[in-house]
Amino acid sequence: MGDNSSASDGKTQKAGNRITNVYIWDMDETLILLKSLLNGAFAEAFNGSKDVKKGVELGKMWENHILKMCDDYFFYEQIENYNKPFLDALKEYDDGMDLSGYDFNRDGFSPPHDDPSLKKLAYRHRAIGNKYKQGLQSIFDQEMLSFLDELYSMTDEYTDRWLSSALGHSIHLCFQCVARAFLEQCSSGEDYATSSLGSTSGITDFTDAKFQHVNVLVTSGSLIPSLAKCLLFRLDNWIAHGDVYSSWEVGKLQCFQWIEERFNNPNVRFCVIGDGWEECEAAQAMQWPFVKIDLRPGSSHRFPGLSLKTIGYYFSVVYGSHDAENDEE
């Protein structure tokens, strides 16, 4: 009896001492490539070795499917002008009513300036969150899923496996695609400080873990299209719908402040990863480490290269060394 109690106390103490690392990601030109396809910037960075027209065509196909998904499945025509910074922003207006037989086209939804309208908007947010959790297979038929798989593969090939696998121009080492592998490992929830991205799955999980990892997305795009992007670009397995924030109207600094309040604990550390000046300035204001991503070939701040060990160095500059995040023993 006493032994079981001691073991339980030990586990509780370990959980209490565990460090939670919150990785705050930008979306466009960090986790995915879209804007740089549409405007040709990605291809132009390769000084003629990439077909600019093909990149633009791929970008337009993605754009069309994002908008169609928003309109057909995410009520975007009804709620486009009522962007909120996250899906739970109106949770206080949601009474939890069963929506399985609810007719969203005949509920009299109008501009959400009063409580009844805000409740109807909250219902739509909950329905979107449920569809997100169920994944693309609950939205599209097999023919469309196959088409999206092909589009993903074509884009992945065009971008030198930015989305999924190896980026190794003019070098002799083979790297996993850092963004996706890093998300996989972070989304495993827990790992030892000495784990790396070198395993077969990219995921390491231990019961008595020293570190817990959480992925959060803060995008300058509006919320609903950003959720559609997460689904279409296969990020939903690593970023939950409740961890997607839109800074479209409130700014990234405000989103970062909300995230800090949400994870309010002395054992929580934050790191921002993105390509833009706004997240850089917001990270500096919060005194958080910032990792700048640069899509240009030859840059020292592009994928590959990002790993938990690398991020550990950024953490140590701001937070000091915690246990043995860089310890190899």
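**A conversation about the fold**

Reply: Let us begin with asparagine 83 and serine 246, whose side chains are joined by a polar contact of 3.3 Å. Please keep in mind that this is a predicted model.

Me: Okay, and where is asparagine 83 placed?

Reply: Asparagine 83 belongs to the loop between α5 (76-79) and α6 (115-134).

Me: Is asparagine 83 buried or exposed?

Reply: Its relative accessible area is 12%, so asparagine 83 is buried, the cut-off being under 20%.

Me: Which backbone atom lies 2.8 Å from a polar atom of the asparagine 83 side chain?

Reply: That atom is the backbone nitrogen of leucine 223. Setting aside neighbours within four places in sequence, asparagine 83 is in contact with Ser222, Leu223, Ser246, Trp248 and Glu249.

Me: Glu249 is on that list. What separation is there between the C-alpha atoms of glutamate 249 and serine 220?

Reply: Those C-alpha atoms are 8.4 Å apart, while the two residues are 29 residues apart along the chain. Serine 220 is found in the loop between β3 (211-219) and α9 (223-232).

Me: And what does serine 220 touch, beyond its neighbours within four places in sequence?

Reply: Serine 220 is in contact with Lys35, Ser247, Trp248 and Lys252.

Me: Why is serine 220 called partly exposed?

Reply: Serine 220 has a relative accessible area of 29%, which lies between the 20% limit for buried and the 50% limit for exposed, so it counts as partly exposed.

Me: New topic: helices. How do the axes of α4 and α7 meet?

Reply: The axes of α4 and helix α7 (residues 142-158) come within 11 Å and cross at roughly 145°. This crossing is left-handed.

Me: Which residues of α4 meet α7 there?

Reply: From α4 they include Leu58, Met61, Trp62 and His65, and the α7 residues they meet as a group include Met144, Phe147, Leu148 and Leu151.

Me: Tell me about histidine 65, then. Is it buried or exposed?

Reply: Histidine 65 is buried, because its relative accessibility of 18% falls under the 20% limit. Histidine 65 sits in helix α4 (residues 52-73). Not counting residues up to four places away in sequence, it touches Met144, Phe147, Leu148, Leu151 and Leu232.

Me: Which residues touch the most other members in the largest nonpolar core?

Reply: They are Met69, Ile224 and Leu227, in a core of 63 residues. Another core lies apart from it; this one has 18 residues, among them Tyr245, Ile259, Ala282 and Phe290.

Me: What is methionine 69 in contact with, leaving aside neighbours within four places in sequence?

Reply: The contacts of methionine 69 are Phe74, Leu136, Ile139, Phe140, Ala228, Leu231 and Leu232. Leu232 is also touched by histidine 65.

Me: How many disulfides does the structure hold?

Reply: The structure holds zero disulfides. A disulfide is a covalent bond between the sulfur atoms of two cysteines. Cysteine 255 is buried at 0% relative accessibility, and cysteine 271 is likewise buried at 0%.

Me: Last one: how many helices and strands are there?

Reply: The protein has twelve helices and six strands. Of its 329 residues, 48% are buried. Among contacts between residues at least 6 apart in sequence, 69% join residues at least 24 apart.

Terms used. Residues are numbered from 1 along each chain as its sequence is written. This is a predicted model: local features need pLDDT of at least 70, side-chain atom pairs count only at pLDDT 80 or more; totals for chains, interfaces and linings use all residues. Side-chain values use heavy atoms; hydrogens and water are left out. Helices (H or I, at least four residues) and strands (E, at least two) are DSSP runs, numbered from the N terminus. Buried means under 20% relative accessible area, exposed over 50%, partly exposed in between (1.4 Å probe, protein chains only). A polar contact is a pair of N or O atoms within 3.5 Å; within protein, one must be able to donate a hydrogen and the other to accept it, and residues adjacent in sequence count only if both atoms are side-chain atoms. Contact means heavy atoms within 4.5 Å. A nonpolar core is a set of buried Ala, Val, Leu, Ile, Met, Phe, Trp, Tyr and Cys residues joined through side-chain atoms within 4.5 Å. A disulfide is a pair of cysteine sulfur atoms within 2.5 Å. Axes are lines fitted to C-alpha atoms, for helices over the stretch in contact, and angles run from 0 to 180 degrees between N-to-C directions. A crossing is left-handed if the near helix is turned anticlockwise from the far one by less than a right angle, and right-handed if clockwise.
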